[in-house]
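Please keep the sequence and the model in view while reading.

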Amino acid sequence: MGPRQVVLPADTTAPRAARKFLAEACCGSHVAEVVEEAQLLVSELVTNAVRYGAPPIELQVCCAGEDQLHIRVRDSDPGTPQPRDADADAEGGRGLLLVDVVSDDWGHEDDADGKAVWFTLKV
């Protein structure tokens with residue numbers, strides 16, 4: 001199945017819309033195996049894009065065969081995403097750390113119109 005993508009609202013409804021789109025865009029094997037982890041991570045990346053990025057915010061979901069799910073969140077702000085050291089009592093600041101710990105691989109790409117943060121989960 002080829003990549004599917006959606007433009008998300010640049011507001012607090014975006015993470016919920018992203019989770020819903022992700023569940024609908026995944027093929028059956030990924031929904032059964034990794035969709036909950038993917039939804040957690042996509043919520044973090046979309047929240048970061050809303051807070052620190054710039055519209056449009058785009059989500060791309062690609063079922064790469066039956067063994068790999070690739071997710072990409074892009075926004076128009078050129079700033080490089082930076083993992084932060086959050087205090088133990090901080091309410092935020094752990095999104096990229098979660099992506100690093102839970103995903104099998106992740107990274108970011110800069111382009112002339114912004115940046116994308118991506119992650120991969122293996123089944």
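Is Lys115 buried or exposed? With a relative accessible area of 8%, Lys115 is buried, where buried means under 20% relative accessible area, exposed over 50% and partly exposed in between, with a 1.4 Å probe and protein chains only. The model is predicted: local features need pLDDT of at least 70, side-chain atom pairs count only at pLDDT 80 or more, and totals for chains, interfaces and linings use all residues. Residues are numbered from 1 along each chain as its sequence is written, and side-chain values use heavy atoms, with hydrogens and water left out.

The protein chain has three helices and five strands; helices (H or I, at least four residues) and strands (E, at least two) are DSSP runs, numbered from the N terminus. Along the sequence these elements follow the pattern β-α-α-β-β-α-β-β. Of the 123 residues of the protein chain, 36% count as buried. The accessible surface of the protein chain comes to about 6700 Å², and 47% of this belongs to carbon and sulfur atoms; accessible areas come from the Shrake-Rupley method with a 1.4 Å probe, and for residues only the protein chains shown count as cover. Among contacts (heavy atoms within 4.5 Å) between residues at least 6 apart in sequence, 61% join residues at least 24 apart.

The strands come next. An open sheet of five strands has the order E1-E2-E3-E5-E4, with antiparallel pairing; two strands pair if DSSP finds at least two bridges between them. E1 and strand E4 (105-111) are the edge strands, each pairing on one side only. On average, and with direction ignored, neighbouring strands of this sheet are turned by 15° against each other. Axes here are lines fitted to C-alpha atoms, for helices over the stretch in contact, and angles run from 0 to 180 degrees between N-to-C directions.

Strand E1 (residues 4-8) pairs with E2 in the antiparallel sense over five bridges, and Gln5 stands opposite Gln60 in E2. On to the next pair: E2 and E3 run antiparallel and are joined by seven bridges, with Leu69 in E3 as the bridge partner of Cys63. The hairpin of E2 and E3 has three residues between the strands, and Gly65 takes a positive phi near 70° there. E3 is also joined to E5, by eight bridges and again in the antiparallel sense; the bridge partner of Arg74 is Ala116 in E5. H1 packs on the sheet, touching E1, E2 and E3, and its direction makes about 165° with that of E1.

What lies inside can be followed from E2. Six of the eight residues of E2 are buried, so this strand is largely enclosed by the rest of the structure. The largest nonpolar core has 27 residues, and those with the most contacts inside it are Leu59 and Val61. Such a core is a set of buried Ala, Val, Leu, Ile, Met, Phe, Trp, Tyr and Cys residues joined through side-chain atoms within 4.5 Å. H2 gives the most, with eight residues. Not counting residues up to four places away in sequence, the residues that Leu59 touches include Val6, Leu8, Ala18, Phe21, Val42, Ile71 and Val73.

The structure holds five salt bridges, each a side-chain nitrogen of Lys or Arg within 4 Å of a carboxyl oxygen of Asp or Glu. One of them joins the side chains of Glu24 and Lys20 (3.9 Å, N to O). Both residues lie in helix H1, four residues apart, about one turn of the helix, and both are exposed. The side chains of Arg72 and Glu109 meet in another (3.5 Å, N to O). Arg72 lies in strand E3 and Glu109 in strand E4, so this pair ties together parts that are 37 residues apart in sequence. Glu109 counts as partly exposed, at 39% relative accessibility.

That leads back to Lys115. Asp75 forms a salt bridge with Lys115, the closest N and O atoms being 3.0 Å apart. Because Asp75 lies in strand E3 and Lys115 in strand E5, the pair ties together parts that are 40 residues apart in sequence. Asp75 is buried, with a relative accessible area of 4%. Salt bridges that share partners join Asp75, Asp77 and Lys115 into one network.
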